[in-house]
Amino acid sequence: MAMDAVSVIRTKRDRGELSDEQIDWVIDAYTRGEVADYQMAALNMAVLLNGMNRREIARWTAAMIASGERMDFSTLSRPTADKHSTGGVGDKITLPLAPLVAACGAAVPQLSGRGLGHTGGTLDKLESIPGWRALLSNEEMLSVLDGTGAVICAAGDGLAPADKKLYALRDVTSTVEAIPLIASSIMSKKIAEGTGSLVLDVKVGTGAFMKTIEDARELASTMVGLGTDHGVKTVALLTDMSTPLGLTAGNALEVRESVEVLAGGGPADVVELTIALAREMLDAAGIKADPAKALADGSAMDVWRRMIAAQGGDPDAALPTAKEQHVVKARSTGVLTRLDAYDIGIAAWRLGAGRARKEDPVQAGAGVELHAKPGDTVREGQPLLTLHTDTPERFDYALQAVAGAYDIDAPGTAFTASPVVLERIA
Ligand code: URA
């Protein structure tokens with residue numbers, strides 16, 4: 001049947017269901033450049049506004065997988081386990097998690113991304129380690145994975161190329177937050193990557209793409225369904241993203257904090273989530289091991305050092321620091337009852353940790369350091385945040401983002417912290 005982009009857009013614009021043929025055609029034609037960016041942008045917006053049913057999402061995902069190659073880890077002696085986060089602020093969990101799960105006996109192929117909007121990207125963080133390379137050939141990726149048990153790298157050009165184009169287009173057309181588009185984007189890459197099991201960290205809250213628990217549940221169950229239908233054992237944890245994870249948001253700042261976790265220290269919420277996700281990954285891969293022990297006895301740190309070195313990085317090199325700092329002080333004495341993840345993410349991005357345009361470089365040292373977390377008692381004038389950047393002209397713009405980012409209530413105000421893990425969907 002002859003197809004054209006205008007009639008596919010019109011179907012979705014008028015709240016119709018896209019047929020399997022329409023979906024296969026539009027994804028293939030867009031990947032080949034026959035459907036233009038402006039037409040795909042219109043279709044994405046129609047999907048964001050009018051949604052897709054389960055059949056459409058499954059077919060859209062299958063078409064994205066079929067747009068490229070599939071990887072094969074069947075030669076590895078260990079079971080594969082992977083995790084994917086839907087994106088948050090201060091979400092450095094992949095860094096300690098991948099070596100930790102590898103230290104417990106799984107193979108962890110972690111294809112990661114760069115920052116999207118106000119959320120940080122794992123590759124941008126690791127690139128602050130002198131010498132470390134994100135771009136590996138498929139052979140290099142397998143060799144690092146085989147040799148160390150874990151690899152964190154960029155997805156090769158051949159893997160779900162439709163997603164590469166769509167991801168970049170959605171970022172600049174305000175169509176990121178559509179559940180069908182997020183679910184198909186994440187799951188096409190993970191299924192094409194060929195992992196045997198997958199744990200999804202679905203973030204909920206101001207700093208996440210899903211602001212409500214209902215939306216997060218829908219996204220999680222859509223992705224679990226897609227993974228299960230493709231033979232990938234998939235589990236999702238819904239986790240809190242109303243406040244940043246840990247005490248840092250920014251590339252080198254987050255690497256430093258991750259190394260602290262691997263050394264047996266680090267902020268309690270980062271340690272708790274790392275261990276919760278590690279337990280799920282090991283369980284899904286059928287491995288019985290205690291990740292808390294591998295963190296405490298240094299074996300996760302050993303894998304980290306080997307993994308970084310295998311990708312050209314120097315695990316002992318000093319991490320870059322920003323040239324300039326600006327301290328934000330508490331404006332009163334009392335209990336910090338809110339520290340907003342979205343505002344802190346925007347501030348880190350404005351300081352240079354993220355990009356304004358796809359091709360922009362990021363600053364390795366830029367970001368925000370937190371000196372208190374919700375529930376802590378603070379005194380007027382004490383440092384609350386330190387802003388880091390190489391370009392001090394950015395401070396004013398970042399300060400606008402943090403001006404409304406926190407609330408300090410009267411001393412003694414009762415405060416109940418949200419649990420780190422809110423729900424589990426399998
Ligand atoms: N991560 C992805 O890979 N894709 C999305 O759409 C959102 C987060």
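Visitor: How do the residues of the shell around the ligand divide into nonpolar, polar and charged?

Guide: Four are nonpolar, three polar and two charged. Here Ala, Val, Leu, Ile, Met, Phe, Trp, Tyr, Cys and Pro count as nonpolar, Asp, Glu, Lys and Arg as charged, and the others, Gly among them, as polar. Mind that this is a predicted model: local features need pLDDT of at least 70, side-chain atom pairs count only at pLDDT 80 or more, and totals for chains, interfaces and linings use all residues. Residues are numbered from 1 along each chain as its sequence is written, and side-chain values use heavy atoms, leaving out hydrogens and water.

Visitor: Which residues surround the ligand?

Guide: A residue is near a molecule if one of its heavy atoms lies within 4 Å of it. Around the ligand you'll find H84, T86, L116, Y167, R170, I182, S185, I186 and K189.

Visitor: Which side chain has an N or O atom 2.5 Å from an oxygen atom of the ligand?

Guide: A polar contact is a pair of N or O atoms within 3.5 Å. That one is K189; R170 puts a side-chain N or O atom 2.8 Å from a ligand oxygen, and for S185 the distance to a ligand nitrogen is 2.7 Å.

Visitor: Now strands. Why is β5 largely enclosed by the rest of the structure?

Guide: Strands are DSSP runs of E, at least two residues, numbered from the N terminus. Buried means under 20% relative accessible area (1.4 Å probe, protein chains only). Seven of the eight residues of β5 (233-240) are buried, so the rest of the structure largely encloses this strand.

Visitor: How many bridges pair β4 with β5?

Guide: Two strands pair if DSSP finds at least two bridges between them. β4 (197-204) and β5 have eight, in the parallel sense.

Terms used:
Buried means under 20% relative accessible area, exposed over 50%, partly exposed in between (1.4 Å probe, protein chains only). Helices (H or I, at least four residues) and strands (E, at least two) are DSSP runs, numbered from the N terminus. A polar contact is a pair of N or O atoms within 3.5 Å; within protein, one must be able to donate a hydrogen and the other to accept it, and residues adjacent in sequence count only if both atoms are side-chain atoms.
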